[in-house]
Amino acid sequence: MTHDQHPTPPAESSQPTPETVTRRETGPERGPWARHAHVVIVGAGFAGLGTAIRLFQEGHRDVLILERAGEVGGTWRDNTYPGCACDVPSHLYSFSFAPNPDWSRRFAPQAEIGDYLRRCADEFGVRPHLRLNCEMERAEWDAGARLWRLETSDGPLTARVLVLAQGPLSEPAIPELPGLDRFTGEMFHSARWNHAHDLRGRRVGVVGTGASAIQFVPHLQRVARHVTVFQRTPSWIVPRGDREIPPWQRRLLRRAPLLQRLIRGAEYLACEATLPALLGNRTLRALAQRQALDHLHRQVSDPALRAKLTPHYEMGCKRILISNDYYPALTQPNVTVTTDRILRVDAGAVITTGGPRAQTPAHRVDTLIFGTGFRVNDATQPRQVIGAAGRSLHQIWDGSPQAYLGTTVAGFPNLFMMAGPNTGLGHNSIIYMIESQIDYLLSCLDLMRDRDLDAVEVRAAVQNAYNAGLQRRLAFTVWKSEGCASWYQDGKGRVTTLWPEPTWRFRRRTRTFDPRHYLLTAADHTPIPATQDEPVS
C-alpha cells in the first residue's frame, strides 16, 4: 500500500473517550486512521516535517501529521510560479540535521526545495505518520480529559499535545477591488498559479510588487504581449548575489560534510551582520540604501520610471528584496508601471485614478495575477482553535497576535505554535527559529514525561511581560520608524511578526523549558504550585 492510500477506518465505537485515551506512548506505531495520537502536528511544510523528524529522533513515535494538501512541502509545494526561488542562501535554508550538498545554486529554486522536503519525509520515516488530504477544521481543549479534540475532514481525532505548524505564508490574500467579480478574463494568485493558462500574447495585469512579483514579472515580460504592473509602494531592491554551484563543488561537499557546516555557519554570520541596520544603526542603513539606489540607477536609465521605483521610506520597513532581472524587465517596451490607485475592475480592464487633470485611464487586460502576499495577521486557523475558556485564538488576540516565545499562549494548554507571533525575521533564515522552537517543545515533553504531567499552560503574567518587553525593543527599530506601514504590523500598529534581537538570543531562551513560567497539571488533575512566579521580559 502506498503512503497516500488509506485503509478502511475503524468503526465509530473505537474512538477514544476521556477515560480510555492512553497518556503514554506505550503502544505500537499508529496507523493513518488512528483516532488518537500523543502529538498531532498540523501542516507538513518545513515546520511540520522538522517537528516530526526531531520527535522521532528523540524517541517519540506516537505522532500524527495532518496535511490538507496531497503532498508535503507547504509554501514550496504551493508556489510554483515561474522564477520561484528562495531569497535565503540554500545551505542556510535547510535543516541543520539534514544538510543537502546537492543544491545547484546559492539561492535554491522552488523545485529543488520541494524535492528536498519530500526526500526528508521519505528518508526520516515521516510518511507512515502522515495523513494527507486531511484538513483540521476545529480544535477545542477538553479540560476534563486534558486533551485536544479535533474535527478534521477525515473525522474526529484527539491529541494530548497539539502543534500548529501551518506557517504564516499559507493563505493567499487577494484585495477586495470593486468590480472584481465582473472581470471576464483569467484571474489567479501567484501562490495558485494556473499553468494551464497560456500567457503568450496576453495582456497581463499584475497587482502587487512584493517578493513573488519581482520573480515572476520578468517571465511575464518575455512571453506576454503587454504587462501592466499596478504598483502601490516601490520596494527596496538589492543585487541578487546568486551563482551556480558547479558539480565539482557539490561532489566536494558530499565528501566533506564539515565543509558544508562551515559554509552554513559563514552564511549565518553574514546574514546576522545585517541586523544592526534594521535595529537602529542609521549609518549601516544608509550604506545599504546607497547600494540599493546605485542598483536602481545602473539598471533603469529613464528618470520618470526611476522616480516611480524609488522608495520614500526607510529601508527595512518592508521586506528587502533581491533581484537582478526585475528592473530590466520593467524597462522593456511591453511593460507599463503605473502608480495610480485602482478605482475598480471592469470586464476587460482595470480602471485607475490617473493624474490630477487626466481622464480616468482604463488599462486593458485579459489576465489578472495577484502578487499580494498572504493573510498573515488575519489567517483562518486562529478562528478554529478554541482554548480552555471557550474562546478562539482569534478572539483572544483581537487582531494583535501574542504568544510566549512565539510558541505557547495563555489559556491554551498543550498548544505549541511553530513560526508563531514575533518569530519572523527580516534578515536571516526562519528555519533557525523553527529548530529553536522544536527544541523548546522537546524540552517540554521531557518535563511532562519525567514529572508525570498531563498539561502545561504558560502563565498570563509571564506572557504579558514578555510581549511588553518585545514591544519596547521594537519601538526603536526601522519597523516602527516614521511613515513605516507594512504587513509586519497588525491592525493595531503593533509589530507582531518579527523578532527584534539577534537570533542566537532566541535560541538561548528556547534551549530549556522553564516550568516556573507555566501552570502545571499532574496526571491526577492536581495543580502543581510554582516555585516562583516571575514575569519575563
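Select Phe46, Leu49 and Ile53 in helix H1, then Ile113, Tyr116, Leu117, Cys120 and Ala121 in helix H3: these two groups are in contact (heavy atoms within 4.5 Å). By class, this contact has 8 nonpolar, no polar and no charged residues (Ala, Val, Leu, Ile, Met, Phe, Trp, Tyr, Cys and Pro count as nonpolar, Asp, Glu, Lys and Arg as charged, the others, Gly among them, as polar).

The model is predicted: local features need pLDDT of at least 70, side-chain atom pairs count only at pLDDT 80 or more, and totals for chains, interfaces and linings use all residues. Residues are numbered from 1 along each chain as its sequence is written, and side-chain values use heavy atoms, with hydrogens and water left out.

Next, show H1 (residues 46-57) and H3 (residues 110-123) whole; their axes come within 10 Å and cross at roughly 25°. Helices are DSSP runs of H or I, at least four residues, and strands are E runs of at least two, numbered from the N terminus.

Now go to Arg146 and Asp454, whose side chains form a salt bridge at 2.6 Å, N to O (a side-chain nitrogen of Lys or Arg within 4 Å of a carboxyl oxygen of Asp or Glu). Arg146 lies in the loop between strands S4 (136-142) and S5 (147-152) and Asp454 in strand S19 (residues 453-458), so the pair ties together parts 308 residues apart in sequence. Arg146 is buried, at 10% relative accessible area, and Asp454 is buried at 0% (buried is under 20%, exposed over 50%, partly exposed in between; 1.4 Å probe, protein chains only).

Then select Arg182 and Asp346, a salt bridge with its closest N and O atoms 3.8 Å apart. Arg182 is partly exposed at 46%, as is Asp346 at 23%.

Methods: Axes fitted to C-alpha atoms, helices over the stretch in contact; angles between N-to-C directions.
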